Amino acid sequence: MSVTNALIRRGTELAVTHMQSDDPERYRPNGGLLALFAITIVLLSLVLWTIEYTYGMVIATLAAVEDTNPDIYVRITSDPADPTKPSNEEDPELVSATPPKPITGKLRTTLKHLRSRAGFSSRFRGIGMFIAYNLALGFLSSFFPVSAYLYQFFVQSAGSLLLATWQMAWVHIVISEPSPKRFYQRIPSFKTWIKIAPAAALQDILTAAAFFIPMAIAKFAGWLDVSHDEEVLPLVVFYRVMGVTLVPAILALLISLPARVIFIRVAASMLPEEDETIVPFDRSFGGKVSPAITGGSGKIGLMDAWTTFDWPARVRFVKVILKTFAMEVAFGIFAMLVLGAQVFWIVKTAKPVDSDAPGMQMSWT
């Protein structure tokens, strides 16, 4: 979300800088087309967010915790009443001889499994906790209304770290069977914060640093300054700024993936005993987790969280991320075509008006 906010803010600055002129020609665009444009942006944004949340967050989280070769697994069937029922009862030998396939091996099978266990809305499981977390993070950030990238790094990192147990609650909701508890009742006590804080710091601080520190360097070097580029074509400046922004974004993504997996697995190791997992999941992580009731830590360590994440599981997780990215790119191209056509339509139908005339006016350069 920090990366998205930075890109939107930079794009807005570019638009404001290059849509102004000393002697602009006044036009009045069609109000209905402007309303249609705004509605289209909202709808396209919702679809893009749905792709990211369902596939890039929910399914990716399940892929990060599912066992590759579980002793007990859930078979995917077309019978939503009993998803553990073998698909071919007449040939038990064939069923027992067939090795179980991970549920998260395919996006379609994962969604099918989620629908059979938690209904159609399962693709949005944890949405209440997600919204509450982001509202709380926004509230904390509002106390420090700064725009400098280094300040944003500290504010975002500190806010996310303070809300580590809220992130942990979201993981618990996603990986467990439906519960009668409200989402806020799933938030662990503050005592648990000490246990999850190291994993949260690894995820939030490293990811924020990978993006905001390079952006701060680019800002200091003047690579993001567009105020003196009046003789350069707006499109050239836009591509230049987006190119500079893209490098920190990719760096943050690459660093965030292993850190995100570690956080998810550490949080999953502290799933309450009364909560059943929705995918096959070894709570002991191969014996690496010592129960708190016996005097152990009750969680997995950071290094163990990564080393117990075997290669087949890593491949599944990366495939989910790549498939999600491919869907977002494809939809992004479609969205740009749709919005570009609407902008062209708005410009072509705009009528010139007297600069002194009342009413809504817009400047085109």
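## Helices, rings and buried residues

Thr192 lies in the loop between helix 7 and helix 8 (193-221). Helices here (H or I, at least four residues) are DSSP runs, numbered from the N terminus. This is a predicted model: local features need pLDDT of at least 70, side-chain atom pairs count only at pLDDT 80 or more, and totals for chains, interfaces and linings use all residues. Residues are numbered from 1 along each chain as its sequence is written, and side-chain values use heavy atoms, with hydrogens and water left out.

Is Thr192 buried or exposed? Thr192 counts as buried, at 16% relative accessibility. Buried means under 20% relative accessible area, exposed means over 50%, and partly exposed is in between (1.4 Å probe, protein chains only). Leaving aside neighbours within four places in sequence, Thr192 is in contact with Thr165, Met168 and Met270. Contact means heavy atoms within 4.5 Å.

Helix 7 is mostly covered, with eleven of its twelve residues buried. Among them are Thr165, Met168 and Trp170. In helix 5, the buried residues include Phe130, Tyr133 and Asn134. The cover over the buried residues of helix 5 includes helix 2, helix 6 (149-162) and helix 7.

### Aromatic pairs

How many aromatic pairs does a search of the whole structure find? The search finds twelve. Rings of Phe, Tyr and Trp (its six-membered ring) pair if their centres lie within 6.5 Å; planes under 30 degrees apart count as stacked, over 60 as edge-to-face and the rest as tilted.

Tyr53 and Phe130 form an edge-to-face pair, 5.2 Å centre to centre, with 70 degrees between the planes. The pair links distant parts of the chain: Tyr53 sits in helix 2 (residues 31-65) and Phe130 in helix 5 (residues 127-141), 77 residues apart. Both Tyr53 and Phe130 are buried. Trp306 and Phe309 have ring centres 5.9 Å apart and planes at 50 degrees, so this pair is tilted. Trp306 is partly exposed, with a relative accessible area of 27%. Phe309 is buried, at 1%.

Ring pairs also join Trp49, Tyr53, Phe124, Phe130 and Trp170 into a cluster.

### Thr54 and Arg123

Thr54 is in helix 2. Thr54 counts as buried, at 1% relative accessibility. In sequence, Thr54 and Arg123 are 69 residues apart; in space, they are 5.3 Å apart, C-alpha to C-alpha. A polar atom of the Thr54 side chain lies 3.3 Å from the backbone oxygen of Arg123. Leaving aside neighbours within four places in sequence, Thr54 is in contact with Ile59, Leu111, Arg123 and Phe124.

### The UniProt record

UniProt places the feature "transmembrane region" (unreviewed entry) at several spans, including residues 124-144 and 150-175. Such annotations may be inferred rather than shown by experiment. In the model, residues 124-144 are 71% helix and 0% strand, with end C-alpha atoms 31 Å apart. Residues 150-175 are 96% helix and 0% strand, and their end C-alpha atoms are 35 Å apart. Strands (E, at least two residues) are also DSSP runs.

Methods
A polar contact is a pair of N or O atoms within 3.5 Å; within protein, one must be able to donate a hydrogen and the other to accept it, and residues adjacent in sequence count only if both atoms are side-chain atoms.
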